[in-house]
Amino acid sequence: MDAYNAQCVGAATVALGIARAALACCRLRQAAQAGRQIAKFQGLPWLLAGTAVAIEVARLMVWRAARSPGPAGFPDPVLAARTKILAAETAVKLTNDALHIWGAAGYARANPMERQVRDARKFTLAGGTAQILRNLGAGHVLGMRPPRTRNG
Ligand SMILES: Cc1cc2nc3c(=O)[nH]c(=O)nc-3n(C[C@H](O)[C@H](O)[C@H](O)COP(=O)(O)OP(=O)(O)OC[C@H]3O[C@@H](n4cnc5c(N)ncnc54)[C@H](O)[C@@H]3O)c2cc1C
């Protein structure tokens, strides 16, 4: 079970990479607009700024979890779970935001955005769903002993 803590942090790292790719997709859209400044459209500058903040927060959390001392030399289980939740949900939000910035073109299967959204969603399911990981976090807040398995 302890090795799952490292797996959680590893999954969070990949999710963070997907979130960063979403930001790159926003930049690509800017370039593809040929003269129209999408960053000047009402609302979009704040969305883009929020994207950069969310990536920084997730990155700091991944670094912290990766260095956290847990059982058997693996990361701390609660921190690892919180990190995977944060990074996965950040990737889901940011890929959806990036798709939105691409408009209908982002929704097309031929556009890499379609794949990015699906890849991001995987991390809220595989390796412990967001609910199961939240159960672990809630038990910790309430001072309960950690469950012996992910399903309690
Ligand atoms: C892309 C992808 C890759 C995967 N790769 C692997 C892999 O390599 N190896 C592997 O073993 N598995 C893998 N999985 C399976 C993954 O681990 C499971 O899908 C996941 O654990 C959820 O199990 P389930 O699909 O049976 O859903 P269920 O357990 O049926 O859950 C359904 C819903 O109920 C919620 N839920 C269930 N129990 C509770 C609870 N106690 N409290 C609150 N909510 C709850 C879940 O969060 C979920 O939203 C992969 C899944 C995906 C999508």
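In which hand of crossing does helix 3 pass helix 6? The crossing is left-handed. The model discussed here is predicted.

**Helix 3 and its two partners**

Two packed helices are described by the angle between their axes and the distance between the axes.

| Pair | Angle between axes | Axis distance | Hand of crossing |
|---|---|---|---|
| Helix 3 and helix 5 | about 165° | 8 Å | left-handed |
| Helix 3 and helix 6 | roughly 140° | within 9 Å | left-handed |

Helix 3 covers residues 77-102 and helix 5 covers residues 112-122. Angles over 145 degrees count as roughly antiparallel, and helix 3 and helix 5 are therefore roughly antiparallel to each other. On the helix 3 side, their contact is made by Ala-91, Val-92, Thr-95, Asn-96, Ala-98, Leu-99 and Trp-102. Helix 5 contributes Met-113, Gln-116, Val-117, Ala-120 and Arg-121. Sorted by class, this contact has 8 nonpolar, 3 polar and 1 charged residues.

The axes of helix 3 and helix 6 cross at roughly 140°, which makes helix 3 oblique to helix 6. From helix 3, the residues in this contact are Pro-77, Val-78, Ala-81, Arg-82, Lys-84, Ile-85, Ala-88 and Glu-89. From helix 6 they are Ala-130, Leu-133, Arg-134, Leu-136, Gly-137 and His-140. The class count for the contact of helix 3 with helix 6 is 8 nonpolar, 2 polar and 4 charged residues.

The loop between helix 2 (44-67) and helix 3 contains Ala-72. Most residues other than glycine have a negative phi. Phi of Ala-72, however, is near 55°, a positive value in a residue other than glycine.

Terms used: Residues are numbered from 1 along each chain as its sequence is written. This is a predicted model: local features need pLDDT of at least 70, side-chain atom pairs count only at pLDDT 80 or more; totals for chains, interfaces and linings use all residues. Axes are lines fitted to C-alpha atoms, for helices over the stretch in contact, and angles run from 0 to 180 degrees between N-to-C directions. Helices (H or I, at least four residues) and strands (E, at least two) are DSSP runs, numbered from the N terminus. Angles under 35 degrees count as roughly parallel, over 145 as roughly antiparallel, 65 to 115 as roughly perpendicular and the rest as oblique. A crossing is left-handed if the near helix is turned anticlockwise from the far one by less than a right angle, and right-handed if clockwise. Two residues are in contact if their C-beta atoms, placed from the backbone, lie within 7 Å. Ala, Val, Leu, Ile, Met, Phe, Trp, Tyr, Cys and Pro count as nonpolar, Asp, Glu, Lys and Arg as charged, and the others, Gly among them, as polar.
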